[in-house]
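Have a look at the model first, then read on.

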Amino acid sequence: MQFHELTIPTSERRQAIDVTDRIDAVVADSGTAEGLCHIYVPHVTAALAVNEAKDPLVMIDVLDHLARLVPADGEYRHRCQDDNADAHVQAALLGNQRTFFIRNGRLWLGTYPRIFLCELDGPRRRQVWIGISRG
Amino acid sequence: MQFHELTIPTSERRQAIDVTDRIDAVVADSGTAEGLCHIYVPHVTAALAVNEAKDPLVMIDVLDHLARLVPADGEYRHRCQDDNADAHVQAALLGNQRTFFIRNGRLWLGTYPRIFLCELDGPRRRQVWIGISRG
Amino acid sequence: MQFHELTIPTSERRQAIDVTDRIDAVVADSGTAEGLCHIYVPHVTAALAVNEAKDPLVMIDVLDHLARLVPADGEYRHRCQDDNADAHVQAALLGNQRTFFIRNGRLWLGTYPRIFLCELDGPRRRQVWIGISRG
């Protein structure tokens, strides 16, 4: 198991950042021809999503609709200084981890899927942890 | 790591297809007594779910309720020729990957859980990628 | 691959139980310095979530908001003796499995993330299956 860590600064409160190329570069550098790539964000107000990047409006739709389902001004009991209960609930729905195949030394995602770090309570410096194994 | 690929044709726009037996047959054929089975659908308008199959109405409820939460006629910006923004958002909520245990040479799911391919924008030919490892 | 099983009795219909320390003890006992910890609940009306434990109101918000999105008195077709269609839909949204890193012989989660068993149709005796691999 090889561990790697990326630091991704975010610039808005809510933002989807395509991190596919950065993760794929780590996979390529690892020299692992076939295996698994585990991704984990060690946060509770950020998450991961897999979706299309070709039309950037798709991930804007995902985050906008998530904000309609879990609105910032909803009824929540968690009232820390950040007033970010919506971000916690949204993160629980999206999840903070994913597992991908590695083949021919690269991420093997299919034609359309791309990996997005979803900032739900930024801007902050976020981490993406990557574990590469031969499976 | 052993890789396998299933092709699953879907017949409706929205449909849950129980793929457990097909995946379990791949696991049995692999000769892996104990390990992990990683499932990944290389799509952005299809997803995976784990739920009960005994009453087929359960997965109908899951897809119907998901369509109430993320309606086809909602406010989305992604307007491709398929007009399928709802499917992208729903896929982000369900996720496109799962990991299961293998024990005694078979999927080890428990009494009720079954694995469903969720078509959200069909009919199409969908793929299910399977990776089997000894863990 | 080492398999372990925890039994967690729940005491309410809907309840989030922090199982991090119990899983971490299994990891520590396994003698695995670096690897992966796969968690799976073999149920269709219980789920897993990763979120903050410092303020217990966060997970109360998650379950309460999920009940607003997927209400007990919603329109569902599944009407078993338990009248628990809402729990099935909620479980599909949260998911019943997660994968975590192991480093230095312990779960490697980051500062805030903790692992919660989410009871959605209790009280019942629930199981948490744990698979530990070197990756």
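## Cysteines, interfaces and a buried threonine

The closest cysteine sulfur to that of C:C118 is the one in C:C37, and at 17 Å it is too far away for a bond. Keep in mind that this is a predicted model. A disulfide needs its two sulfur atoms within 2.5 Å, so a gap of 17 Å rules this pair out.

Now for the contacts between chains. On the C–B side, 27 residues of chain C meet 33 residues of chain B. On the A–C side, 27 residues of chain A are in contact with 33 residues of chain C.

| Interface | Area buried | Share from carbon and sulfur atoms | Source |
|---|---|---|---|
| Chain C and chain B | about 2600 Å² | 65% | computed |
| Chain A and chain C | about 2600 Å² | 65% | computed |

How many salt bridges cross between chain C and chain B? The rule finds one. B:D64 pairs with C:R77 in a salt bridge, with 3.7 Å between the closest N and O atoms. There are also nine residue pairs in polar contact between chain C and chain B, both residues being at pLDDT 80 or more. The chain C side that touches chain B draws two or more residues from each of β1 (2-9), β3 (35-40), α3 (85-94), β5 (97-103) and β8 (125-133) of chain C. Of these, α3(C) gives the most, with five residues. Sorted by class, that side of chain C holds 15 nonpolar, nine polar and three charged residues.

Over at chain A and chain C, the count is one salt bridge. C:D64 and A:R77 form a salt bridge, their closest N and O atoms lying 3.7 Å apart. Nine residue pairs are in polar contact between chain A and chain C, again with both at pLDDT 80 or more. On the side of chain A that touches chain C, β1 (2-9), β3, α3 (85-94), β5 (97-103) and β8 (125-133) of chain A each put in at least two residues. The largest share comes from α3(A), which supplies five residues.

Among the buried residues are C:D86, C:H88 and C:Q90, along with C:V89, C:L93 and C:L94. Just past the end of α3(C), C:G95 adopts a positive phi of about 90 degrees.

One last stop, in chain A. A:T32 lies in the loop between α1 (20-30) and β3 (35-40) of chain A. With a relative accessibility of 2%, A:T32 counts as buried. Its side chain makes a polar contact of 3.0 Å with the side chain of A:S30. Leaving aside residues up to four places away in sequence, A:T32 touches residues including A:Q2, A:V27, A:I102 and A:R134.

How values were computed. Residues numbered from 1 in each chain as written. Chains lettered and ligands numbered in written order. Predicted model: local features only at pLDDT ≥ 70, side-chain atom pairs only at ≥ 80, totals over all residues. Heavy atoms only, no water. Contact = heavy atoms within 4.5 Å. Buried area = accessible area lost by both parts, 1.4 Å probe. Salt bridge = Lys/Arg side-chain N within 4 Å of Asp/Glu carboxyl O. Polar contact = N/O pair within 3.5 Å; in protein donor to acceptor, adjacent residues only side chain to side chain. Helix = DSSP H or I, 4+ residues; strand = E, 2+ residues; numbered from the N terminus. Nonpolar A, V, L, I, M, F, W, Y, C, P; charged D, E, K, R; others polar. Buried < 20%, exposed > 50% of the residue type's maximum accessible area, 1.4 Å probe, protein only.
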